[in-house]
Protein chains: 2
Amino acid sequence: MDATEAQSAEAFFASAPPLKDREVIVARVEEFVRRRLPIGGTRMVCITSGGTTVPLERKCVRFIDNFSSGHRGAASTECFLKAGYAVIFINRRGSAQPFCRSLPEDPLLTCFEPDGNKGIQPDPKHAVVVQEAVTEYHSALKTGYLLHLPYTTLFEYLEILRIVSLSSQQLQRHCMFYLAAAVSDFYVPWNSMVEHKIQSGVGPMAMELAQVPKMLMLLRHVWAPEAFCVSFKLETDTNILMKKAEAARERYGMHAVVANELETRKQKVIVVTSEGQKLVEKDAFQADVEIPLVNFLIAQQTSYIEAGGVYV
Amino acid sequence: MDATEAQSAEAFFASAPPLKDREVIVARVEEFVRRRLPIGGTRMVCITSGGTTVPLERKCVRFIDNFSSGHRGAASTECFLKAGYAVIFINRRGSAQPFCRSLPEDPLLTCFEPDGNKGIQPDPKHAVVVQEAVTEYHSALKTGYLLHLPYTTLFEYLEILRIVSLSSQQLQRHCMFYLAAAVSDFYVPWNSMVEHKIQSGVGPMAMELAQVPKMLMLLRHVWAPEAFCVSFKLETDTNILMKKAEAARERYGMHAVVANELETRKQKVIVVTSEGQKLVEKDAFQADVEIPLVNFLIAQQTSYIEAGGVYV
């Protein structure tokens, strides 16, 4: 990577608002990573999920957001846990949570009812999914295989990702980054942001947004140079999609780029690796395309670990 | 209101994407309003709550959002229900719900635990608030005093508001509009919106947004000309706030404008009416400023009903 890219990333972090509870987050991540040592035992994956917000004002009333339900990240978290990985789940507040994907909106209000005795109970229609969700989520937390770090803004997202990647360096090739979050390409730099709410005078509003520095480059080459890195491309236009996915793999040196087309992304994806394009589809017996996708990526990481020498 | 405003509002609705389940929503609203007849019995309030999204692309990946937790609308819904009003609660998906304001994020995962017998139970720390939330919400639904209509986009919000206001005309002065939602002032007209995801090429992105037609004017003078109308102004800059609140009252003919300053809005608000400015503050025994605010507005509506003649 060139010096300009590193500089613009440095400038981004230097001008970003301070991350709340930074020390607490660092300590939790370090402890979680330490429990994966010595390497060769449990592998760890860092999954990012959901959209990022870009504030347009410092005292934030308006912001730009990227649509992402977080379904892919949540489903993949379940698959990686099942495969024995320890998972750091960096997700947008309010986006999908693992084990909760079959629940309706507002599960507390929609799935529970008064039991007629001053208490409450799940209604019969939802009892099984509600019980499974709580039981499986708590079991993952309790066994120490799941660390959940929520964010809202682009600034928080990138700070947390940097903390996790720097701290996971010691896991070398046994760490995977699975970057499913929908990260904004544009932002308003904190220093040039207006303090107060933008006024709606007469006529249209013009806005100019700066490009977010290409952090994938830093993650891959500086923060966690040995980790197995998977990024995602989502496009609504199939013609553009594969070109951009190939370009992203080459430009950033990703080990795999998962190409999603908005309309078909729940049935199939195409994974771009140095070996070419691989179509991954769910079969009739699989609930989610994330099952074959995660299996494919785990196998790729295994080859990557073996090619790089034995660490155990 | 002048002809240009009516025309630009017409153009907005004519070009908006069709509202999903429109007929179902119309039928539910009409039935809910009918149960308030004959007028002079139960009053009805339509409360709007939460931010609106403005899509930047038709196959929506990016959008502009207005920050609003929905706390004020949810708290006010509780107060109006307690005061005997029937409430249509038009709220942004994912924003605060009545009776749930003291719950933590993700209440299902954070407030419940496995009971060791394949079932789940609220953990002791959260049991009381969780039970109260479910019990009170279901009681409001069951007695037919609460109708919940969720939205996400600006287009959905305005369509639903128009449906409710047209349908509630027959309640005359016994209907109140309490417009606490944070509605975007700017949008990208559906006809001029790009079909596919905006590409992040090189360099900054420029955007131009059109002004949203002033729908308060239509609501007040065309859709529901007899209803008691309350709008809200939120600003981060106190100097601008009172001027804008006064101007909104005069321009749109609101019966009351509630002026909020971002930092102090949970302790106090200033209500602007034709009689002047009234400071409304919560006292030491009140959990929320919405308690004295709703009481004050109910009294104002009572005067308004009495001044307009007896309908019963």
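Which handedness, left-handed or right-handed, does the crossing of H1(A) and H6(A) have? The legends below refer to a predicted model.

**View 1. Packing of helix H1 (residues 3-15) on helix H6 (residues 154-167) in chain A.** The axes of the two helices lie 11 Å apart and form an angle of about 115°. H1(A) is therefore roughly perpendicular to H6(A). The crossing of H1(A) and H6(A) is left-handed.

**View 2. Residues at the contact of H1(A) with H6(A).** H1(A) contributes Glu10(A), Phe12(A) and Phe13(A), which meet Leu154(A), Phe155(A), Leu158(A), Glu159(A) and Arg162(A) of H6(A). Of these contact residues, 5 are nonpolar and 3 are charged, with no polar residue.

**View 3. The open sheet of 8 strands in chain A.** The strands follow the order E7-E4-E1-E8-E11-E12-E13-E14, and their pairing is mixed. Strands E7 (146-151) and E14 (276-281) of chain A stand at the edges with a single partner strand each, so one side of each has no neighbour in the sheet. On average, neighbouring strands are turned by 15° against each other, direction ignored.

**View 4. Pairing of strand E1 (residues 44-49) with strand E8 (residues 175-179) in chain A.** These two strands pair in the parallel sense over 5 bridges. Met44(A) has Cys175(A) in E8(A) as its bridge partner.

**View 5. Helices H6(A) and H9(A) on the sheet.** H6(A) touches E1, strand E4 (86-92), E7 and E8 of chain A, and its direction makes about 150° with that of E7(A). Helix H9 (residues 290-307) of chain A touches E8, strand E11 (228-235), strand E12 (256-261), strand E13 (268-273) and E14 of chain A. The direction of H9(A) makes about 140° with that of E8(A).

Methods. Residues numbered from 1 in each chain as written. Chains lettered and ligands numbered in written order. Predicted model: local features only at pLDDT ≥ 70, side-chain atom pairs only at ≥ 80, totals over all residues. Heavy atoms only, no water. Axes fitted to C-alpha atoms, helices over the stretch in contact; angles between N-to-C directions. Helix = DSSP H or I, 4+ residues; strand = E, 2+ residues; numbered from the N terminus. Parallel < 35°, antiparallel > 145°, perpendicular 65-115°, else oblique. Left-handed = near helix turned anticlockwise from the far one by under 90°. Contact = heavy atoms within 4.5 Å. Nonpolar A, V, L, I, M, F, W, Y, C, P; charged D, E, K, R; others polar. Pairing = 2+ DSSP bridges.
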